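Dear colleague,

I am passing this structure on to you, and I would be glad if you could look through it before reading the notes that follow.

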Amino acid sequence: MIKLPTIHIGRLSLLLSILVWLALLFVDLVRLFGVINNLNSGIVPEFTWVLEILFFLTVYSFYNYNLQKNAQNEFLNLLWRAASTGIFASAAFLVIQIFYEFLGDSKLGQEPFLRNFFYHVHFALISIFLVSTTLLWKKLILYQKTKQVVQQWKTYEIGLLIAMFFVFFSQDTFGYSFIFGFVILTVLGGFLSVNLKWIPYLTFKEKWKSLLFLAIIIVCSVYLFLQTNAYSSAQQTYPINLLDNLFLISLYVFILIYALFSFLVTLFNLPTSSVFEQKLTEAINFQRLSQSIQPDEDEEKVLDILMDSCMSASFADGAWLEMYQTDRNQTIIQTRWIEEKEKEELSQLIESNSVAQNWAKESKADLLNPLALKISHPKFGSLLLVPLVINKSVIGRMVLCKELKDGFNKEMVSIIETFARQASISVENHRLLNQAIQNERYQEELKIAQRVQKALLPNNLEHNQSFEICAYSNAADEVGGDYYDTFQLDQHRYALIIGDVSGKGTSAAFHMAQMKGVFQSLIQLNLSPKEFLIRSNAALSRCLERNHFITASIFIIDTLNHQVCHARAGHVPTLFYRSGNQNAEYLGIGGLGLGILRNMQYEKHVEEKEFTYHSGDILVLFTDGIVEAKNQKSQQFGFERIRALVEINHHLSPKEIQTKLIDTLHDFVGGDGLIDDDYSLLVVKFN
Amino acid sequence: MLSIETQQENQHYILQPKGEIDASNSVQLDESIRSLAEKGAKSILVDGSAIDYISSAGLGVFMSYLEDFQEQGITLKIFSLSPRVLEVFQILGLDQLIPIFPEKEAALNA
């Protein structure tokens, strides 16, 4: 399959237009030859007209493509293209004229073929100028287009297309029908020419430039129009009239009208362009202020933009900005165009001004508006106090100073107020963001603490074949104050410990770590349970805060003699299930929490008891988090539920009993009910 | 929620906490007791009839005054605790250190 080369519309139409123009030239020269030699060349004028229309269309297509390709044409650039084409066409024509002046009445000067050639060159240049400028105007007219304008433009284009063919119907230039068509197209063009929305967007400098370019375009088109008329009056030399064409003349008029309109509107827009520019700057400043600051950046950047924006919006001669720190010591962050001494003087003037003082006392900070003040100062005549309000409290103020009296009008104040509010929001967002990041960091730290604390609880629970054991612990917060551990004292003896620090959270977690340290050290001494608790109390009393205490239970299991010796330091009683009578009950034994009595008196309050265990007996150690867990009706889980559950499930393994207890606890608390305390569970079953 | 009312009866100051005493509001209880001690109260009675629940943080408050009060000769008594709350005191062993009475009369006469 043959692959067709991609058609390049721009080049194709350029090539076509050149070919058409050459054909047109050839045809007309042949016709001229016929006229001069009184021969009938047999070429009907329609042939020329068709070529002429084809030329218009190809030029149109070329420029249309060319303009679309360079999509982001600036207005000035567009105007310059039109102006330069105009200059080129005019210059070319001028050169031709000078050439003829030079030749004078010489034979060459009278040569009809050469004249005709230049006539065609002129025609081509004018067509190019008119068509390209029309297309440039189209771009300008359709800037910020509405549907209506697009519709109007399409109508106009159709009108122009019809105008090209007008010559087929009537060769009577300036006849009634010609005038009729001309008037319609002119009116349409006039309507379109009021679309000048691009002009306000030019800066002051650009407006001056565009005035220059428009003037060039006007001069060129007038010049070219006059020259065209000169041709028309010297008709006899040219066998066919190319220039008195409704299409071309309408374009002339349209280009002139639009250029004139643009020129005048630009001229009258000059004085107000500074206002427009000012508003545009304000909008840009506002946008800069509203862009939130990056977390690693400083608030000062926003305050910097705020100062600059407000100063340019109010034409202030000086300004400073104060931010109040939490300790109310003012720290000046920025000063602009103002001496330290002047600032001091002005501050004192503000201090002594009763209106300003009342203003500063306003209790509802979010209702505070900027305040304009008249002052008597050698340099400055008026001040504007602008509050910076975050979260309903004033965090600072900006003072703008002007040498003029009454220098701040309502518009300035309102835009400055907006700036200040926006800047405050940005600063607030920045602070909140930093806070959020900080919180995130704390969360991370807590996660680490959680991991470290988990490691404080044993991985493996020491035991032998005489008993099975399992444990579970859960903290209400990231870290908690519950603790359990097992130790092998000798070949047949094991110690179990469960402990609970008063309170929860981080402080409890630290005390729990201390408790572990104390327990781990004391257990090495192979003490009796009672002695162990007495020593623990003495050790912990030195390190616990005054209003904190620890409760604990210790069990020493002798697997050789099937004996359990235990003591309790204020801890919730341990449940003991006896397989003999299939009955579970709490071990009643006196005891006092660790750290409550911090002297030798403690000894009197701790007991020690011993009992024998049998196969199938179960010990359930837990912390008060389980007993005190509440359901939606504010009922506590309580001791009785635990007892009943163990009795029912005594035949299960310790792990299964533990799972039953935890599941029942969760069901009791309810779906999304949280247990507000740390809770732990240790289940031992004797074999 | 915790609210604490204080009233004086002869030389006794009677403190009535109402609601639940936990970590979030135990400071309130602490302040009430301290202000009474600073006022020079020699006998402080806590009416426990309206305490719905007391956490270990609440117990910590009572505990923290034991030694100080002993030195200063201030007596602290608790009465009319609900069985559930009394149980908490008993488990910890605080009932061995703080006199707890079934009702106000007994506390006043003791």
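A residue counts as buried here if 20 or more other C-beta atoms lie within 10 Å of its own, the C-beta atoms being placed from the backbone. By that criterion, buried residues make up 40% of the 110 residues in chain B. Please keep in mind throughout that this is a predicted model.

Chain B contains 5 helices and 6 strands, and their order along the sequence is β-β-α-β-β-α-α-β-α-β-α. If one takes the contacts in chain B between residues at least 6 apart in sequence, 67% of them join residues at least 24 apart.

As for how the two chains meet, 17 residues of chain A are in contact with 13 residues of chain B. On the side of chain A that touches chain B, the residues comprise 6 nonpolar, 9 polar and 2 charged.

Strand 9 of chain A pairs in the antiparallel sense with strand 8 (residues 493–501) of chain A over 9 bridges, and A:Ile554 in strand 9 is the bridge partner of A:Ile497. Strand 9 of chain A also runs antiparallel to strand 10 (residues 563–569) of chain A, to which 7 bridges join it, with A:Ala552 standing opposite A:Ala569 in strand 10. Strands 9 and 10 of chain A form a hairpin with 4 residues between them, and in the turn A:His562 has a positive phi of about 55°.

Note on methods. Residues are numbered from 1 along each chain as its sequence is written. Chains are lettered from A and ligands numbered from 1 in the order in which they are written. This is a predicted model: local features need pLDDT of at least 70, side-chain atom pairs count only at pLDDT 80 or more; totals for chains, interfaces and linings use all residues. Two residues are in contact if their C-beta atoms, placed from the backbone, lie within 7 Å. Ala, Val, Leu, Ile, Met, Phe, Trp, Tyr, Cys and Pro count as nonpolar, Asp, Glu, Lys and Arg as charged, and the others, Gly among them, as polar. Helices (H or I, at least four residues) and strands (E, at least two) are DSSP runs, numbered from the N terminus. A residue is buried if 20 or more other C-beta atoms lie within 10 Å of its own, exposed if 12 or fewer, and partly exposed in between; C-beta atoms are placed from the backbone. Two strands pair if DSSP finds at least two bridges between them.
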